Amino acid sequence: MSGEEVTLSRDCIGTLVPQGTRVELPAGVQATITQALGGSYTILVEGHMFRIAAEDADVLGKESIITGGLDKDATDEEVEKKVYEQLMTCFDPEIPINIVDLGLVYECDIKKNDEGNWQVKMQMTLTAPGCGMGEVLIADIKEKLATLGVTDVDVELVFDPPWRMDMMTEEARLQAGLM
């Protein structure tokens, strides 16, 4: 799919990478898909890179990926596993590696609130403090966890300690050609 040429079928909002600026892209624009991971897409339009959200996959002629929710009787371990599976479908738009394997997730606290609903509180960082994609990644995380039925999600961006390449998993370093 990488390198696939497409024509936008309708107007849609793309997020300029890495600035994070939302830009309206008109129907009929020619684009090249450069990355298709976790349901979202990174496209190249006239030399500019844009992220297209999973909910707008149809503009590229693609289907959105929807996952199932949590069982009512799910154990803490099952919920944690599902949450991390969803986090592993969130990708940096420039680097084809998920945020967990990149080492961007510093802390992830998962528990039930007083009403019996699951809530997630997490701290994460970005590969560069000036990256404008932080809010886009946070929205992606919230969207992905909502598919599980987790609607109480608090994501805090932190930059201490600063991200370093050695925070990546061994698999991610291999994938990035760093080993």
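Axes are lines fitted to C-alpha atoms, for helices over the stretch in contact, and angles run from 0 to 180 degrees between N-to-C directions. Contact here means heavy atoms within 4.5 Å, while helices (H or I, at least four residues) and strands (E, at least two) are DSSP runs numbered from the N terminus. The model is predicted, so local features need pLDDT of at least 70 and side-chain atom pairs count only at pLDDT 80 or more, whereas totals for chains, interfaces and linings use all residues. Residues are numbered from 1 along each chain as its sequence is written, and side-chain values use heavy atoms, with hydrogens and water left out.

S8 and S9 pair in the parallel sense over 6 bridges, and Lys121 has Asp154 of S9 as its bridge partner.

A second open sheet has 6 strands, in the order S1-S4-S5-S6-S2-S3, with antiparallel pairing. Strand S1 (5-7) and strand S3 (22-25) stand at its edges with a single partner strand each, so one side of each is left without a neighbour in the sheet. Here neighbouring strands are turned by 45 degrees against each other on average, direction ignored. Strand S2 (residues 12-16) pairs with S3 in the antiparallel sense over 4 bridges; Glu24 in S3 is the bridge partner of Ile13.

Next come the nonpolar cores. Such a core is a set of buried Ala, Val, Leu, Ile, Met, Phe, Trp, Tyr and Cys residues joined through side-chain atoms within 4.5 Å, where buried means under 20% relative accessible area, exposed over 50% and partly exposed in between (1.4 Å probe, protein chains only). The largest core has 33 residues, of which Val83, Met122 and Ile141 touch the most other members. At least two of its residues come from each of helix H1 (76-87), strand S7 (105-112), strand S8 (118-124), helix H2 (134-146) and strand S9 (152-157). H2 gives the largest share, 5 residues. Leaving aside residues up to four places away in sequence, Val83 touches Cys108, Ile110, Val120, Leu145 and Leu148. Apart from this core lies another, of 16 residues, including Val6, Tyr41, Val45 and Ala57.

On a 1 Å grid over the protein atoms alone, a cavity is a set of points where a 1.4 Å probe fits but cannot get out, and a pocket is an open set with protein on both sides within 12 Å along at least five of seven lines; lining residues have an atom within 4 Å of a point. Grid points are joined across faces, edges and corners, and a volume is the space filled by probe spheres set on the points. The largest pocket has a volume of about 240 Å³. Its lining includes Ile13, Arg22, Arg51 and Asp140, and H2 supplies the largest share of that lining, 4 residues. The largest cavity has a volume of about 40 Å³, and Tyr41, Arg51 and Phe91 are among the residues that line this cavity.

Notes: Two strands pair if DSSP finds at least two bridges between them.
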